[in-house]
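Subject: Structure for you, with notes

Hello,

Please find the structure below. My notes on it follow.

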Amino acid sequence: MRLKNCYNTEDFRKLAKRRLPSPIFHYIDGGADDEVTLRRNSDAFDACDLVPNVLAGVDSVDLSTEVLGQRLDFPLFMSPTAMQRLFHHDGERALAKAAETLGTMFSVSTIGTRSIEELGAFAAPKLFQIYVHNDPALTTDLIARCKAAKFDALALTVDAIVAGNRERDYISGMTTPPRLTPKSLLSFALHPEWSLNYVFREKFELPNVSKFIEAGSNVQYSVVDYLDTQMKRSINWDDAAQMIEEWGGPFAIKGVMSVDDARRCVDAGASAIMVSNHGGRQLDGSRSPFDQLDAIADAVGGQIEIILDGGVRRGSHVLKALAKGATACSGGRMYLYALAGAGSAGVERAMTLLKAEIERDMLLMGCRSISELKPSMLASRS
Ligand SMILES: Cc1cc2nc3c(=O)[nH]c(=O)nc-3n(C[C@H](O)[C@H](O)[C@H](O)COP(=O)(O)O)c2cc1C
């Protein structure tokens with residue numbers, strides 16, 4: 001499998017599997033418990049069909065949309081994901097470059113591996129993903145740095161006050177930075193290109209949190225440890241409202257699944273909700289974002305932007321979500337496999353293919369702009 005032979009997310013997944021030592025691949029690929037929610041997030045899109053209108057006289061399509069105060073050339077952007085330096089030595093820089101080329105937004109995780117300041121220099125729209133930490137000084141410092149670096153929006157992740165039970169990581173011995181155990185050693189040895197890049201290129205770091213916590217230094221530490229020790233578990237709506245005020249700009253709450261919580265996001269003054277279950281990595285058995293979209297759009301559509309996050313693997317998935325009332329979609333693995341497989345060129349190819357699918361499917365649906373996608377263009381299979 002080579003980059004030029006990759007045409008869809010599954011192809012990029014195969015490429016990533018070949019390029020990465022297995023603990024790293026399974027860290028991206030896996031979910032919590034039995035991975036029921038992970039699978040359902042994508043399967044849910046198959047429970048309904050698109051119903052096109054033909055002879056619509058459409059010869060070109062406007063895919064642009066506005067999300068979190070940013071004009072995007074197409075309604076799909078890159079969700080925040082941790083530890084990208086482990087997947088490719090360019091890390092988050094690769095996303096920033098691809099977002100710039102393609103006219104979409106990229107996101108940066110609190111546990112990202114490139115600094116807020118370095119990524120702030122890229123012209124593409126950028127969103128910083130934040131947590132409420134036990135140490136309020138860390139949260140305040142992150143907000144101040146994002147303001148200084150001119151990040152466009154903030155997303156508060158609320159579905160990870162404790163780490164999900166990701167059993168693949170226990171089995172593979174995944175830690176960050178990677179630890180050489182008898183189990184993982186063979187896999188690192190079998191992937192010399194990755195291992196040499198890891199050892200000889202820029203050092204693995206968590207530059208956004210390293211000033212405050214040992215986890216940002218080079219001690220061995222897993223994401224599970226980070227979430228379990230650094231998150232303020234008692235976070236509540238007052239914390240969210242306070243952060244919205246402190247930031248004072250476009251603000252999303254990420255990890256909202258219930259209708260009641262969607263209404264509370266409106267009351268708290270958020271600009272957007274990201275309907276998300278963290279890509280099936282947290283609460284297994286939770287509903288898929290796509291299945292929950294009707295109820296949320298009915299309750300808060302028009303009052304707040306709705307971003308469908310999770311399970312997106314095809315352009316047609318984006319069309320279905322928009323028809324149900326989403327403002328835009330976002331995703332992680334859709335670009336992560338490509339990042340692991342081929343860095344910035346991989347991310348650019350993956351996102352270009354998805355953009356082309358969205359455009360082609362819009363033409364086939366007889367829609368000129370995304371506002372023309374309506375619930376009536378979907379038929380349920382049940
Ligand atoms: C490897 C990996 C790391 C992630 N790290 C974070 C993170 O640091 N913060 C966060 O809010 N979400 C994180 N997520 C969740 C994504 O932002 C997003 O919600 C999820 O990937 C959507 O599901 P999808 O991968 O099916 O598109 C991570 C997801 C993956 C796969």
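Is Lys97 buried, exposed or partly exposed? Lys97 is partly exposed, with a relative accessible area of 35%; buried here means under 20% relative accessible area, exposed over 50%, and partly exposed in between (1.4 Å probe, protein chains only).

Some conventions before the rest. This is a predicted model, in which local features need pLDDT of at least 70 and side-chain atom pairs count only at pLDDT 80 or more, while totals for chains, interfaces and linings use all residues. Residues are numbered from 1 along each chain as its sequence is written, and side-chain values use heavy atoms, with hydrogens and water left out.

Salt bridges

The whole structure holds 21 salt bridges, a salt bridge being a side-chain nitrogen of Lys or Arg within 4 Å of a carboxyl oxygen of Asp or Glu. Lys97 forms one with Asp90, with the closest N and O atoms 3.9 Å apart. Asp90 also pairs with Arg93 (3.5 Å, N to O). Asp90 is buried because its relative accessible area is 15%. Salt bridges that share partners join Asp90, Arg93, Lys97, Arg114, Glu118 and Glu202 into one network.

Another salt bridge is made by Arg168 and Glu35 (2.9 Å, N to O). It links distant parts of the chain: Arg168 sits in helix 8 (residues 167-172) and Glu35 in the loop between helix 2 and helix 3 (36-43), 133 residues apart. Helices (H or I, at least four residues) and strands (E, at least two) are DSSP runs, numbered from the N terminus. Arg168 is partly exposed at 23% relative accessibility, whereas Glu35 is buried at 13%.

Helix 2 (residues 22-29) is mostly covered, with 6 of its 8 residues buried: Pro23, Ile24, Phe25, Tyr27, Ile28 and Asp29.

In helix 10 (residues 192-200), the buried residues are Trp194, Ser195, Asn197 and Tyr198. They lie on the same side of helix 10, because they cover an arc of only 165 degrees around the axis; the arc is that of the directions from the helix axis to the C-beta atoms. Their cover includes helix 1 (9-19), helix 2, helix 4 (84-87) and helix 9 (182-189). The face turned away from the buried side carries the exposed residues Glu193, Val199 and Phe200.

Helix 16

Both Asp361 and Val347 are found in helix 16, which spans residues 333-365. Asp361 is buried yet has no salt bridge, and the nearest side chain of opposite charge, Arg360, is 5.1 Å away (Lys and Arg count as positive, Asp and Glu as negative; His and the chain ends are not counted). Leaving aside neighbours within four places in sequence, Asp361 is in contact (heavy atoms within 4.5 Å) with Gly315, Ser316 and Leu319.

Val347 counts as buried because its relative accessibility is 0%.

Backbone

Two leucines may be worth a look. Leu55 has a positive phi of about 50 degrees although it is not a glycine, and Leu68 likewise has a positive phi of about 50 degrees. Leu55 is in the loop between strand 1 (48-50) and strand 2 (65-67), and Leu68 in the loop between strand 2 and strand 3 (70-72). Leu55 is exposed, with a relative accessible area of 86%, while Leu68 is buried at 0%.

Regards
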